[in-house]
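Please read the points in order, with the model in view.

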Amino acid sequence: MKAIQLIFCFSIFLFIGNLKAQNNKVQNDWENQKVLQIGAEETKATFYAYPTAEKAMTYTRSNSPWFVLLNGDWKFNFVEKPADRPLEFYKKDFDDAAWKTITVPSNWEMKGYSLPLYTNVTYPFPKNPPYIPNDDNPVGSYRRTFEIPNSWKGRETFLTFDGVNSAYYVWVNGVKVGYSQDSRISAHFNISKLVRPGKNLVTVEVYRWCDGSYLEDQDFWRLSGIFRDVYLTSRDKAHIRDFAITTDLDNDYKNATLGIDLKLTNVPANYSVELNLLDADGKSVLKDKMSVITPKAYFALNAPRKWNGEDPYLYTAILTLKNQKGKVIESIPQKVGFRKIEIKKNLFLVNGVAVKMKGVNRHEFNAENGQVISRENMLHDIQLMKKFNVNAVRCAHYPDVPEWYDL
């Protein structure tokens, strides 16, 4: 009996010892469930700021002097496992003359690096969550220079990645900025203290697999790299950091309420936010001011034109931040539709009218470019669905390119 007790106690000792060893093991960020981002800004809605309401009304980000797209040719190096990656590639004096170039956005498998994989319920690597095999986790290293306009001096500069598969580190001018995973949600980094007018360097180290790959496993092609837009934005130190716009209709589906909820950064109490709601012809139908002290407000509208699938009518809301002297700090546009979605007696209602859902499942995929989806690709899919009387789409199984929701 004593021998059995000793064996049992020794087994418990070994078990606890193994637990401690596992807990004390230094985990890589890409194998640590507690790490999703390092140094990144809080997630926010997709929008762009303009210096005037007139420019904001164009609803085209390239018309803003505070937007710079970093798509194009980047220097690129590929290795099959992390141990072989170039450790000092982020330094400004690193010699990348022998490196090839790769287009951003792109999937590196579509450019001849490694193999694209298609699998459904079977994982593309041995299951041992949250760990990834050290000998089978390709790493792509990216480098490029960029220019900061002189007019951005004294402002806040943000670097945004709209989609990278699957985990990555970022450096600017040789200084580590941060880390992010979650391949289809934008990551924003404040690089204001690291950039200067003129030439700057950004470097990115991308891992094909991470612990998030266990959750992102699904029935589609497994592809890697920086596959969505990369861009810079400039903001005044006082700015609208985020906002949400909601609409609701009364019980008769006639009159509406427009709700606006703002999140502000470094905005003094004597500043204001002006709302201007324009119809599709550019005519103002509502103009009012919001207090920055209580940046949440509701506005009543009499009989606005409703949105529905046959008549997808949109207004444009312009949010303009002004200082105490009335000077425009920034203007932000957002499309707005007035509709009410309900389920009553097992019926799906839009503005009180029953709608039969005729939907399809859609992955973001292109036969030539993989998961890099252009505006033309998206329009083609929408037009094809419309031709076949499809009125709903399931975005399987992730947030799509931001522009998709506008289209």
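1. A salt bridge is here a side-chain nitrogen of Lys or Arg within 4 Å of a carboxyl oxygen of Asp or Glu. D400 and R362 form one, with their closest N and O atoms 3.1 Å apart. The two residues belong to distant parts of the chain, 38 residues apart: D400 is in the loop between β27 (392–395) and α4 (402–406), and R362 is in strand β26 (residues 359–362). Helices (H or I, at least four residues) and strands (E, at least two) are DSSP runs, numbered from the N terminus. Both partners are buried, where buried means under 20% relative accessible area, exposed over 50%, and partly exposed in between (1.4 Å probe, protein chains only).

2. On provenance, the model is predicted: local features need pLDDT of at least 70, side-chain atom pairs count only at pLDDT 80 or more, and totals for chains, interfaces and linings use all residues. Residues are numbered from 1 along each chain as its sequence is written, and side-chain values use heavy atoms, with hydrogens and water left out.

3. How many salt bridges does the whole structure hold? The search finds 18. One of them joins the side chains of E274 and K322, at 3.4 Å from N to O. Because E274 lies in strand β18 (residues 272–278) and K322 in strand β21 (residues 315–322), this pair ties together parts that are 48 residues apart in sequence. Both E274 and K322 are buried.

4. A further salt bridge connects the side chains of E403 and R375 (2.3 Å, N to O). This pair also links distant parts of the chain, with E403 in helix α4 and R375 in helix α3 (residues 375–387), 28 residues apart. E403 is partly exposed because its relative accessible area is 28%; R375, at 41%, is likewise partly exposed. Through shared partners, salt bridges also join R362, D381 and D400 into one network.

5. The reader may next turn to the cysteines. A disulfide is counted when a pair of cysteine sulfur atoms lies within 2.5 Å, and the search of the whole structure finds zero. C210 has 2% relative accessibility and therefore counts as buried, whereas C395, at 23%, counts as partly exposed.

6. Is S166 buried or exposed? S166 is buried, because its relative accessible area is 1%. S166 sits in the loop between β8 (164–165) and β9 (167–172). Its side chain reaches the backbone oxygen of R208 at 3.0 Å. Leaving aside neighbours within four places in sequence, the residues in contact with S166 (heavy atoms within 4.5 Å) include S180, D182, Y207, R208 and C210.

7. V68 is located in strand β2 (residues 67–69). With 21% relative accessibility, V68 counts as partly exposed. Apart from residues up to four places away in sequence, V68 touches W152, Y231 and L232. From V68 to G359 the separation is 291 residues in sequence and 37 Å in space, C-alpha to C-alpha.

8. Which residues make the nonpolar surface patch of about 300 Å²? They are Y118, W221 and F365. Such a patch is made of residues with over 30% relative accessible area and no salt bridge, like charges being joined within 9 Å and nonpolar side chains (Val, Leu, Ile, Met, Phe, Trp, Tyr) within 5 Å. Accessible areas come from the Shrake-Rupley method with a 1.4 Å probe; for residues, only the protein chains shown count as cover. W221 is placed in strand β13 (residues 220–222) and is partly exposed, with a relative accessible area of 33%.

Notes: A polar contact is a pair of N or O atoms within 3.5 Å; within protein, one must be able to donate a hydrogen and the other to accept it, and residues adjacent in sequence count only if both atoms are side-chain atoms.
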